[in-house]
Amino acid sequence: MDEQQVRTLMDTLARDPQPASSIDLATVVARGHRRRTRRRTITMAAAAVVVVAVGGTGLATLHSHPSPPQNQPAKTGTLHGYIYSEGGPPLAGSPRALPGTITVTGNGITRRVNTSPDGSYTVPDLPPGSYALTGHSPYFGNGTYACQAPAMVHIQSGHTTAADALCEMN
Amino acid sequence: MTDPDVEFSAVVGELLPRLRRLGYLLSGDWHRADDLVQATLERLYSRWRRARTADDIDAYVRTMLVRVFLNEQRTGWWSRVAVTHEVPQGTASAPDSESRLDMRQMLAAVPARQRAVLVLRFYADLSVEQTAGALNCSVGTVKSQTSHGLAALRKALGPSAAEQKSQREAQ
């Protein structure tokens with residue numbers, strides 16, 4: 001087998017149809033954030049050790065999560081929307097709201113809320129930043145399938161951001 | 001100014017099909033390919049501030065993916081990342097044709113590091129030098145791994161028609 005034949009083999013295999021991806025961006029963000037925080041803490045701890053070593057005796061205080069300045073109102077935003085599926089009864093061909101739960105992940109936090117019976121939800125007091133939005137409903141795959149927002153949701157302080165989680169089969 | 005998470009999401013969306021394909025060629029299995037890509041993206045997210053300034057983000061992530069793959073091989077086992085709670089939707093792939101199954105088995109017969117070299121050189125079209133950089137090894141090592149990998153593929157392929165004929169004639 002020569003190099004050209006190997007190229008052909010690789011190209012043929014690479015053209016195999018890709019099944020639906022099981023990669024969940026919300027999980028990537030949550031786990032990636034935890035990994036980043038861990039790395040930062042380790043780096044700061046290492047730096048503190050160096051400071052102590054150079055300065056002889058001393059006390060190193062680590063603040064991997066600095067506290068917000070005092071006497072300032074918390075600046076947060078609100079996320080509001082619906083979890084719904086396309087088509088099906090009672091209004092075939094139109095969005096159908098579903099009850100269930102909504103999980104918001106990002107900025108190192110995860111918040112989970114139940115939706116109202118009409119499928120609406122509200123997540124208050126979210127720090128500004130980007131979040132991944134995932135929903136689950138017992139009316140969609142018995143709650144085992146994730147209903148996702150089409151993109152990351154951006155929260156601004158003092159604003160209410162609208163985002164829906166769509167339940168659909170690939 | 002672009003939000004880093006929005007930017008990350010956009011870049012990942014563009015890279016994902018290529019990364020999954022690369023993971024598939026390295027591992028020979030779509031599910032494991034997804035595990036590899038998921039682990040790679042988590043690492044990418046954790047160092048996104050630095051990664052986003054890379055000259056070639058495609059090459060940067062590809063290198064990360066190959067190293068994740070080799071690192072898992074080095075530890076002697078790989079972990080199944082809990083990707084989602086749910087069963088992937090519509091994952092039923094087309095039935096394997098016999099020839100494709102054979103091709104996958106041939107590639108799987110090549111040791112992992114040699115397979116990574118072959119994939120980078122003959123699928124990703126990297127030069128010997130670029131492959132050495134991606135795998136953090138010398139040019140000589142890439143050349144020898146390529147040679148060994150090709151030999152392993154030939155062995156997995158079995159004797160060629162010409163060799164079979166000469167064997168028959170010798171008998």
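Let me begin with the loop between β3 (101–106) and β4 of chain A, where A:Asn107 is found; helices (H or I, at least four residues) and strands (E, at least two) are DSSP runs, numbered from the N terminus. The model is a predicted one, in which local features need pLDDT of at least 70, side-chain atom pairs count only at pLDDT 80 or more, and totals for chains, interfaces and linings use all residues. Residues are numbered from 1 along each chain as its sequence is written, chains are lettered from A and ligands numbered from 1 in the order in which they are written, and side-chain values use heavy atoms, with hydrogens and water left out.

A:Asn107 is not a glycine, and yet its phi is positive, at about 55 degrees. Most residues other than glycine have a negative phi.

Strand β4 (residues 109–114) of chain A holds A:Thr110. Setting aside neighbours within four places in sequence, A:Thr110 is in contact (heavy atoms within 4.5 Å) with A:Thr103, A:Val104 and A:Thr105. From A:Thr110 to A:Tyr131 the C-alpha to C-alpha distance is 9.2 Å, at a sequence separation of 21 residues.

Chain A has two helices and 10 strands, and from the N terminus on its elements run α-α-β-β-β-β-β-β-β-β-β-β. Chain B, by comparison, comes to nine helices and zero strands. Of the 170 residues in chain A, 38% are buried; for the 171 residues in chain B the figure is 44%. Among contacts in chain A between residues at least 6 apart in sequence, 55% join residues at least 24 apart. In chain B, residues 24 or more positions apart account for 68% of the contacts with a separation of 6 or more. The accessible surface of chain A is about 9,600 Å², with 55% belonging to carbon and sulfur atoms; such areas come from the Shrake-Rupley method with a 1.4 Å probe, and for residues only the protein chains shown count as cover. Chain B exposes about 9,000 Å², 51% of it supplied by carbon and sulfur atoms.

Finally, the interface. How many residues of chain A are in contact with chain B? There are 42, and they meet 50 residues of chain B. The buried area, that is, the accessible area (1.4 Å probe) that two parts lose on being put together, summed over both, is about 4,500 Å², and carbon and sulfur atoms give 60% of it. On the side of chain A, A:Met1, A:Met10 and A:Gln18 lose the most area to chain B, together 15% of what that side buries.

Three salt bridges cross this interface, each defined as a side-chain nitrogen of Lys or Arg within 4 Å of a carboxyl oxygen of Asp or Glu. A:Asp16 forms a salt bridge with B:Arg104, where the closest N and O atoms are 4.0 Å apart. On the side of chain A that touches chain B, α1 (3–14), α2 (25–55) and β6 (129–136) each supply at least two residues. Of the elements, α2(A) gives the most, with 11 residues.

Terms used. Buried < 20%, exposed > 50% of the residue type's maximum accessible area, 1.4 Å probe, protein only.
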